[in-house]
Amino acid sequence: MARDIFEKIKENRGPIGKYSKGVHGYFTFPKLEGELGPKMIFRGKECLVWSLNNYLGLANHPEVRETDAKAAEQYGMAYPMGARMMTGQTGEHEAFENEIADFMGKEDAILLNFGYQGMVSAIDSLTDRNDVIVYDSEAHACILDGMRLHTGKRFVFQHNDMESFDKQMKNATALVEKTGGGILVITEGVFGMAGDQGKLKEIIDFRKSGKYNFRIFVDDAHGFGTLGKTGQGAAEEQGVQDEIDILFGTFAKSFASVGGFICSDETIIEYLRYNMRSQMFAKALPIVNTIGARKRLDLLKKHPEYKDKLWEITNALQSGFKDAGFDIGKTNTCVTPVFMKGNLAEATNLTFDLRENYNIFCSIVIYPVVPKDTIMLRIIPTAAHTLEDVSYTIETFKKLKAKLDAGEYKAEELATVEVDNKKK
């Protein structure tokens, strides 16, 4: 008789899920309430929040709120009903695709109902069993999940290591000479945990030299709107925007919304329109989100000072951490990781102290995302933060580090918090 498939779930809850009973509602699935911004309510108290992807501070921009509200009043949240190919096409979708393609300097663009599933589906659509994918070892989960659908071979190069990239490209080239396929290189414009940019220029240089023939697909979720002179992203920042074959961006970061886009040559986008299963068989991006994203793009183009303010806060934050002796890794973007040495129990006690006694809320990242005995506190600055917020945070982190070094957070078990997790 077959085993009950649910038995394995009871026995193995996953690397993070195994801690769920003690951390759910506090360290995982916390509830931040109130108006989106630098100050929100956590467990009944106001906290300074550094964990929202609201880079340009547009979440509560009065023009954005007004546009979203008017669109919802006019159309409701259901319209258009259906996938774009069948009944979900609108003039707003078409107009926005033209605008985003023009802004990104590409021939065409396709809107995505969700960035994550769009990325997964695009990888599946672009490659077949004869093709080879070469990708960075720290690629986002959506890229990894997309490659799970890929029926051909894939090679991984060590993170931003061009010697490793060269080696894997040799392997890929040798293989496609046998299969008759092509090579798709996938990397990120900004790696969302460590905050360093992908080495797009160096990868492009391999192709310019004639050493390898490949196409490059860049996930620039964190770079779009934050990097480059106009906000096109990491490729613009590195001077290779025109060399990137396919660019992915999301509205969930700098636009503080939902959905995303892919832009490329007209031929490639037309192919994706008729072959991306996540867009062919799923509901179109709601028109409220489409109209709202158009407004956000308009503000990005008209108000470069929003990006300037974001970088004023970012530079103050990162220089402050460095001056105080903190390790913030190799970040050269707005994403600001703060690394400390400590085990899982110390990580939870430190985070509890940070939230309960200093009223600062930021994301805690632990193994397996970072090495064992490493604590990473991930700070996401926004244009809505102030220099006073930065100063208070730096001073607080100094106190936390002193306590950690003195052993005040040591414990035999993880910190647990009583949380009312009843669904209301």
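The protein has 424 residues, for which a compact globule would have a radius of gyration near 22 Å; the value found is 22 Å, so the two agree. The model is predicted. Along the principal axes, its C-alpha trace spans about 60 × 60 × 55 Å. Secondary structure amounts to 15 helices and 14 strands.

Burial and contacts were examined next. Of the 424 residues, 52% count as buried. Contacts between residues at least 6 apart in sequence were also sorted by separation: 70% of them join residues at least 24 apart. The accessible surface comes to about 20,300 Å². Carbon and sulfur atoms account for 50% of that area.

Charged side chains number 53 positive and 60 negative. The centres of the two sets lie 5 Å apart.

One sheet was traced strand by strand. Strands of a sheet pair through backbone hydrogen bonds, either parallel or antiparallel. Here four strands form an open sheet, in the order β1-β2-β3-β12, and the pairing is mixed. The edges are taken by β1 (32–33) and β12 (360–361). Each of these has a single partner strand, so one side of each is left without a neighbour in the sheet. Strand β2 covers residues 39–42 and strand β3 residues 45–49. The two run antiparallel and are joined by four bridges. Within this pairing, Met40 stands opposite Cys47 in β3.

Key:
Residues numbered from 1 in each chain as written. Predicted model: local features only at pLDDT ≥ 70, side-chain atom pairs only at ≥ 80, totals over all residues. Heavy atoms only, no water. Rg over C-alpha atoms; globule rule 2.2 N^0.38 Å. Buried < 20%, exposed > 50% of the residue type's maximum accessible area, 1.4 Å probe, protein only. Contact = heavy atoms within 4.5 Å. Areas by Shrake-Rupley, 256 points an atom, 1.4 Å probe, with all protein chains shown as cover. Lys, Arg positive; Asp, Glu negative; His and termini not counted. Charge placed at Lys NZ, Arg CZ, Asp CG, Glu CD. Pairing = 2+ DSSP bridges.
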